[in-house]
Amino acid sequence: MKAIAVFPQQREVRLIDAQEPRLTGPDEVKVRTLEVGVCGTDREICGFHYGTPPEGSGHLVIGHECLGEVVETGPAVRGLRKGDLAVLTVRRPCGLETCPSCREGRQDFCYTGAFTERGIKQQHGFMTEFVVDRERYFIPVPRELREVAVLVEPLTIAEKALIEVWQVQQRLPWSCPSAGGERKPGHCHHALVLGAGPIGLLGAMAFANAGFSTVVYSREGEKSDKADLVRSFGAQYISSEVTEISNLVERMGTIDVVYEATGASRLSFEVLEQVGPNAAFIFTGVPGLKGPAAIDTDRIMRNMVLKNQVLLGTVNAGRDAFENAIRDLGDFMRKWPDSVRRLITGRYAIGDYRTPLLSTDGIKNIITFN
Ligand code: BGC
């Protein structure tokens, strides 16, 4: 079967012929790959800056945003049947006795760092025709989401962040009584999303859908397609072309939550100085290491203490975030179907893999397997 693989030693990305996987345990499921999304992480791996092949292998099959259709199940599989659609989680547990989170199935919070990730770290990924894994790593997807379900994995980043924001902001019971519960308008509900790539735009949809008055701040102009897309789902768009960070609050009001989706650390710390009392600031980007930069640490620390602010980093996602993503994607499709469709800007056959992996054009580009 065909697969897209990165050979870090030879600095090559190639279409290879791989062995079709077979079920080896009773709780395993085999899917035929339908679509795999391409993200910044894949491009980093293809630029040989990130990613590690499995032990003993000279290559890594990439891809971690997978939608598949079940073709075979082991005798102990209960929740999936042939013909079902499913997406897969990315991280696999470290297996070490000393790691309580992995033991609980929460490898997204692994303590040891010895976790693996399909398509990223020491495990082959999903840009291949068939995938086998244990049932616990699949999440069933309703048929009506077939067209957009490849967006589930990138949406899980925001879903995990939202779960964490609700948990943290339980400390403000007058304005955030409970996750998804009744909220009092005007309190704690101005969300600022930094960046208008797929993670930012899906995050903006998730925050808007959760009742936040949501603003996306990015480079493109206020008359651009991106700006128009943001407004199409009820969020506000502010361009850095016309509004400096120091003027953001003037335009959008108090910033209660920031969802960072740029990987730009400098910009993020500048925004951190602008956030309001009791705010939560969430980092999701993984910046390349470009060396130290000067920031006013006294001012940041003083602000954070005197304003009860929380700075939170979040990576990967557990089953709960995948389930919320599938539920919310259904909401998005009921409320803003055209906006969701506009996120998918290109579908490429596996033979044309170079274009989406090497270019940064469009929003979410996808490789299809037919
Ligand atoms: C993936 C996560 C992964 C992270 C770090 C992201 O692109 O969506 O699942 O944990 O990269 O490797």
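Modeller: Ala, Val, Leu, Ile, Met, Phe, Trp, Tyr, Cys and Pro count as nonpolar, Asp, Glu, Lys and Arg as charged, and the others as polar. By these classes, the shell around the ligand in this predicted model has five nonpolar, three polar and three charged residues.

Colleague: Which residues of the shell around the ligand are meant?

Modeller: The residues are Cys39, Thr41, Tyr50, His64, Val90, Arg91, Glu117, Ile120, Glu153, Val315 and Asn316.

Colleague: Why is Val305 called exposed?

Modeller: Exposed means over 50% relative accessible area. Val305 has 58% relative accessibility and therefore counts as exposed.

Colleague: What makes Arg134 and Asp27 a salt bridge?

Modeller: The cut-off is 4 Å between a side-chain nitrogen of Lys or Arg and a carboxyl oxygen of Asp or Glu. The closest N and O atoms of Arg134 and Asp27 are 2.8 Å apart, so the pair qualifies. Arg134 lies in strand E10 and Asp27 in the loop between strand E2 and strand E3, so the pair ties together parts that are 107 residues apart in sequence.

Colleague: Why is Asp27 called partly exposed?

Modeller: Buried means under 20% and exposed over 50%, with partly exposed in between. Asp27 has 22% relative accessibility, so Asp27 counts as partly exposed.

Methods. Residues are numbered from 1 along each chain as its sequence is written. This is a predicted model: local features need pLDDT of at least 70, side-chain atom pairs count only at pLDDT 80 or more; totals for chains, interfaces and linings use all residues. Side-chain values use heavy atoms; hydrogens and water are left out. A residue is near a molecule or strand if one of its heavy atoms lies within 4 Å of it. Buried means under 20% relative accessible area, exposed over 50%, partly exposed in between (1.4 Å probe, protein chains only). Helices (H or I, at least four residues) and strands (E, at least two) are DSSP runs, numbered from the N terminus.
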